[in-house]
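Here is a short briefing on one protein model. Look at the structure first, then read on.

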Amino acid sequence: MAAVAADASKQYFTTAGLVVGYSLSSSLLAIINKYAVTKFSYPSLLTALQYFTAALGVWVLGKLDVLYHDPFTRDNAKKFLPAAAVFYLAIFTNTNLLRHANVDTFIVFRSLTPLLVAIADTVFRKQPCPSKSTFFSLVIILGGAVGYVLTDSAFTLTAYSWAVAYFVTITTEMVYIKHMVTHLGLNTWGFVFYNNFISLLMSPVFWIVTGEYADVFTAVKMSSGSEWLQLDAIVAVALSCVFGLLISFFGFATRRAISATAFTVTGVANKFLTVAVNVMIWDKHASPLGLACLLSTLVGGVVYQQSVTGSASFPSKQSSETSKLIDNGEEDDGDSDKVEQDIEMPVSGKKP
C-alpha cells in the first residue's frame, strides 16, 4: 500500500511540474511573440526560426547525451506528417493573429477552444462526456468570449479572419496531436524533434504562398533592411525561439499526463499572467468591460480545473499497477504503459 502511495505521489508531482512548466512558457510566449512580430514583421520566417532552433537544440543535446530522442525514420515521419501540418497551421495562424490584433483578442479565441475540444474528445476520441459542473465552466468561458467580441472597439475583418482560422486549427491540433501522442509511441523529445523538423521542412511552402519571401529579399536589399537586425529585434527573436523550444517540450509532456480538454483549459487559465503583463507593457488592449469579459473566460478555466480535481487526484487501479510494473522492469502491452514510460523518460533525460 505504501509503495502504491509513493508511486501516486511521484506521478502527481511529475505531472504538476509539467503543468507549471507549460503554464509559464505558454503565458510568456504569447507576450514574447507579440513583441517579436512587432519588431520583426515576418511571421513565416519567425516561425521557421523557432522550428530550426528547437530541432537543432534537440539534435545537438541528443548527440551530447544530455537527452534521448527517437531516431528519425521515414515511416514515423509519414505517420507524423498530418500532425505536423496541423501544428504548423496553428502556429502560422497564431503568429498572424498576433500581428493584426492585440494579445487580448488572441487570448479570447484561445479561451474558446476548450468547449469545442471537449465535444471533439467525446465524439471522435470516445472520451466520457463532461459532467454538468465541467460543462457549466466551459459555458462560462464561451459567455465571456462572446461578451468580449461584442465590446471590442478595435474589431477588424482581417484580425478576426485570422482569429477564426486560428480557432479552427488550434482546436483540431489539440485533439489530433493528443491522439498522436498516445498512439505513435515516440518519447517526448522524439515528438519535439519530429514536430519541429517536419514543420521546418514545410516552411518554404508558406513563404512562397504568402509572398513573404519577396518582402524579406526586398528588406535585405534596401538600406532599411538593417532595422530587423537591430538589438531589440534580435533579442525578441531569440527569446521567441528559446520559449518555442520550452513550450514544445512541456506541451508534449503535459499532453501525455492529462486529457486534451484539461490541457486546453490549462492553456487558457495560465493566461492570467499574460493579461497582467499585457496590461502593464502595451497601451493597445481591451476596454475595462472587455477585460472583465476576458477575465471571466479565465475564471471559467479555473472552475473547470476545480470540477475535475476530484477525479484526477487519484490514479486508477490500472495506472497504479502499471507504475509497479515499470518499477519492477516489466512491460505491459497497454497504451497506459507507453504513456507512463514516456513521461518519465524526458524528465530524467536518460537513454533507455
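Helix α3 (residues 74-100) packs against helix α7 (residues 188-210) at an angle of about 60°, and their axes lie 8 Å apart. This is a predicted model: local features need pLDDT of at least 70, side-chain atom pairs count only at pLDDT 80 or more, and totals for chains, interfaces and linings use all residues. Residues are numbered from 1 along each chain as its sequence is written, and side-chain values use heavy atoms, leaving out hydrogens and water.

**Helix packing**
- Helices are DSSP runs (H or I, at least four residues), numbered from the N terminus.
- Axes are lines fitted to C-alpha atoms over the stretch in contact, and angles run from 0 to 180 degrees between N-to-C directions.
- Contact means heavy atoms within 4.5 Å. Residues of α3 that meet α7 include Phe80, Phe87 and Phe92. Among their α7 partners are Tyr194, Met202 and Phe206.

**Salt bridge**
- The count is one salt bridge (a side-chain nitrogen of Lys or Arg within 4 Å of a carboxyl oxygen of Asp or Glu).
- Lys39 and Asp232 form this salt bridge, at 3.4 Å from N to O.
- Lys39 sits in helix α1 (residues 2-39) and Asp232 in helix α9 (residues 231-257), so the pair ties together parts 193 residues apart in sequence.

**Cysteines**
- The structure has zero disulfides (pairs of cysteine sulfur atoms within 2.5 Å).
- Cys241 is buried at 7% relative accessibility (buried means under 20% relative accessible area, with a 1.4 Å probe and protein chains only).

Conventions. Buried < 20%, exposed > 50% of the residue type's maximum accessible area, 1.4 Å probe, protein only. Helix = DSSP H or I, 4+ residues; strand = E, 2+ residues; numbered from the N terminus.
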